[in-house]
Amino acid sequence: MKAAAKVCANIALIKYWGKVSTALNIPAVGSISITLGNLWSETEVEFDESLPSDTLILDGQSRLDQLGRVTECLDLLRVRAGVEASARVVSHNNFPTGAGLASSASGLAALTIAAARALALELSPRSLSIIARQGSGSAARSIFGGFVEMHAGSTPDGSDSFAESLLAADTWPLEVVIAVTERGEKSVSSRAGMEQSALSSPYYSDWVATSTVDLDRGRRAVLGRDFEQLTNIAEHSCLKMHAVAMAAQPPLVYWNATTVACMHVIWDLRHSGVPVFFTIDAGPQLKAVCAPGFSQEVEKALRDVPGVLETLITGLGPGIIG
Ligand code: DP6
């Protein structure tokens, strides 16, 4: 009743922001992501009859604030296995936790896989994706490698809300440079930010209404390996998501001055002919996505931006790596 899993993080190029069901964590919009090879979470789960309740140690610290979603995810697997024992969960990320670097994606995906292994459940990648989604929407995508599409689905029970592979990592080996501009955990989580946006942003309904067109454009760009089209649609999706969040009341501004400075550096690089675009999640880190062979040049430019604390370089990854 003990097993581990190591799973890569992912970042969305066409963003997920908003839910139709909080209880089942069903997203209001589909999304398209890339799985990152060098950023991962490693999680060990042990079911133990003698434990009074689930426990979570994340990066060496007990995290009661994150335990709720962990337990919800474990419950889905316990029901399937007919097991009632509580679990001891120990997880660590090889990158800053909770700072908008997709730690919930890899963390909850690794939890789902480790727990399924510990309970000896034979589940399809699709079932694992549906279960991981209920822990964290973005985690549904980390079950797969390379380019991944998450379907919002339309059934009330969420059974058609899962991710699947769009294009293998080695077919279009894009490179990613992450500019870390802050190390602390973000003040407003994605979960709370989405809720605040849906409740109070006047642009939220347009965000949802235009998502199908964005997904179509994103999917076509990925399948056609069209970097220019992907650049246009990915930056649009990112900026539109942030525009929705900024217009919420109270406002949600995830960027700091360095994030904005990095955006300008990416635009300058692009104007000088470097194939690169950016994306930013619910935190101040900027993720630059570049065509194969350009990450060194992009990293050099981002490293020199005042306020950039650290840069990370990664290629695309396979999803489950251990
Ligand atoms: C901005 O998956 O962290 O990174 O489903 O509430 O756990 P929950 O949210 P989460 O949200 C990710 C939001 C995003 C965009 C994205 O990854 O698509």
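How much accessible surface does the protein chain have, and what percentage of that surface belongs to carbon and sulfur atoms?

1. The model is a predicted one. The accessible surface of its protein chain comes to about 12,800 Å², and carbon and sulfur atoms account for 53% of that area.

2. Along the principal axes, the C-alpha atoms fill a box of roughly 60 × 40 × 35 Å.

3. The protein chain contains nine helices and 13 strands. Buried residues make up 58% of its 322 residues. Of the contacts with a separation of 6 or more, 75% are between residues 24 or more positions apart.

4. Helix α8 spans residues 257-271. Its 15 residues reach 21 Å from first to last C-alpha, close to the expected 21 Å. The buried residues are T258, T259, C262, M263, V265, I266 and L269. Viewed down the axis of α8, they fall within an arc of 160°, so they line one face of the helix.

5. The elements that cover this buried set include β10 (175-180), α7 (227-246), β11 (276-279), β12 (286-290) and α9 (295-303). On the face turned away from the buried side, α8 carries the exposed residues A257, D268 and H271.

6. At its start, a side-chain oxygen of N256 lies within 3.0 Å of the backbone nitrogen of T258. Following α8 comes G273, with a positive phi near 105°.

Technical notes: Residues are numbered from 1 along each chain as its sequence is written. This is a predicted model: local features need pLDDT of at least 70, side-chain atom pairs count only at pLDDT 80 or more; totals for chains, interfaces and linings use all residues. Side-chain values use heavy atoms; hydrogens and water are left out. Helices (H or I, at least four residues) and strands (E, at least two) are DSSP runs, numbered from the N terminus. The expected span of a helix is 1.5 Å times one less than its number of residues. Buried means under 20% relative accessible area, exposed over 50%, partly exposed in between (1.4 Å probe, protein chains only). The arc is that of the directions from the helix axis to the C-beta atoms. Contact means heavy atoms within 4.5 Å. A polar contact is a pair of N or O atoms within 3.5 Å; within protein, one must be able to donate a hydrogen and the other to accept it, and residues adjacent in sequence count only if both atoms are side-chain atoms. Accessible areas come from the Shrake-Rupley method with a 1.4 Å probe; for residues, only the protein chains shown count as cover.
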